Protein chains: 2
Amino acid sequence: MQKTRTTNQRLKILEHLRNIRTHPNAEAVFKSVRKDLPVISLATVYRNLNMLASQGTILKLEINGEYKFDANTCGHQHAVCTNCGKIIDIFEPAITTYALKKLTLNGFKSGCVDIIFKGRCDKC
Amino acid sequence: MQKTRTTNQRLKILEHLRNIRTHPNAEAVFKSVRKDLPVISLATVYRNLNMLASQGTILKLEINGEYKFDANTCGHQHAVCTNCGKIIDIFEPAITTYALKKLTLNGFKSGCVDIIFKGRCDKC
DNA sequence: TACCTATTGATAACAATTATCATTAACGGT
DNA sequence: ACCGTTAATGATAATTGTTATCAATAGGTA
């Protein structure tokens, strides 16, 4: 197996995600991190977001036709406005717990559920 | 408002989705429907799938970086293998019911939840 | 300090989806 | 049954998000 190296780019990307409460896509992370690290490349942002997601450090959500990233990996949920696209965090851990408990599919091992409510936000 | 017309293309697309138990993307629907309707265009498939989804006739899921379509709109769930990408239907309506009941977000109105388990299927 | 190679930056390639536009056909009115 | 209106279509260009490529750079260990 290959050994991972700690790079400044990866640290800055993770640090940024942990400082915000939104759910940016790769492009948005790129624009934000570039303020601190002007030379960072968009490809590096994509690579690191995918790496962090595959090792479970961050969440990779599929919303509105693109990948959104979230450093909060504790079982919470999301609500998406089908009109304006706004993403809202919902903290009802019991939903996630209940879903995982009910999952008794033969052979399928899972410790992770994406729960996304679709509807209208208060402004729409 | 505009009045929708019943076209053969839309009927065939819906009929096809209701005859299968998989979760095809637009391209796959296109290839299947074209066997019956050789002149149909990929753009027409995209347009109709989006129309059917927006009116709630079918589900539009975001899995593995693309849109998948499902004619079964009754509260069931999906499991996705993070290794091979396989999508499996899970029928635990209680999960959906419980999630919607617990959703008490201020101002957010929703009657629809996408619940997607991530894990390893029996073969992986 | 020197080596190995994981990681990077820059950019090309790719894939899924949407936009465009002239043509076609659904359907209500005559 | 024939119009006339315009929603919908087919063909394709354009767009967008993401991944692949590859030479150059820089972690980490000896």
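Domain bounds here come from an automatic or database domain assignment. In the predicted model, this assignment divides chain A into domain 1 (8–70) and domain 2 (77–119). The contact between them draws on nine residues of domain 1 of chain A and seven residues of domain 2 of chain A. The C-alpha centres of domain 1 of chain A and domain 2 of chain A are 22 Å apart.

Between domain 1 of chain A and domain 2 of chain A, an area of about 650 Å² is buried, and carbon and sulfur atoms give 64% of this area. Of the area that domain 1 of chain A buries against domain 2 of chain A, 60% is supplied by His23(A), Leu61(A) and Ile63(A), more than by any other three residues.

On the side of domain 1 of chain A that touches domain 2 of chain A, strand E1 (59–63) and strand E2 (66–70) of chain A each supply at least two residues. The largest share of this side comes from E1(A), with four residues. By residue class, the side of domain 1 of chain A that touches domain 2 of chain A comprises five charged, two polar and two nonpolar residues.

Definitions and conventions
Residues numbered from 1 in each chain as written. Chains lettered and ligands numbered in written order. Predicted model: local features only at pLDDT ≥ 70, side-chain atom pairs only at ≥ 80, totals over all residues. Heavy atoms only, no water. Contact = heavy atoms within 4.5 Å. Buried area = accessible area lost by both parts, 1.4 Å probe. Nonpolar A, V, L, I, M, F, W, Y, C, P; charged D, E, K, R; others polar.
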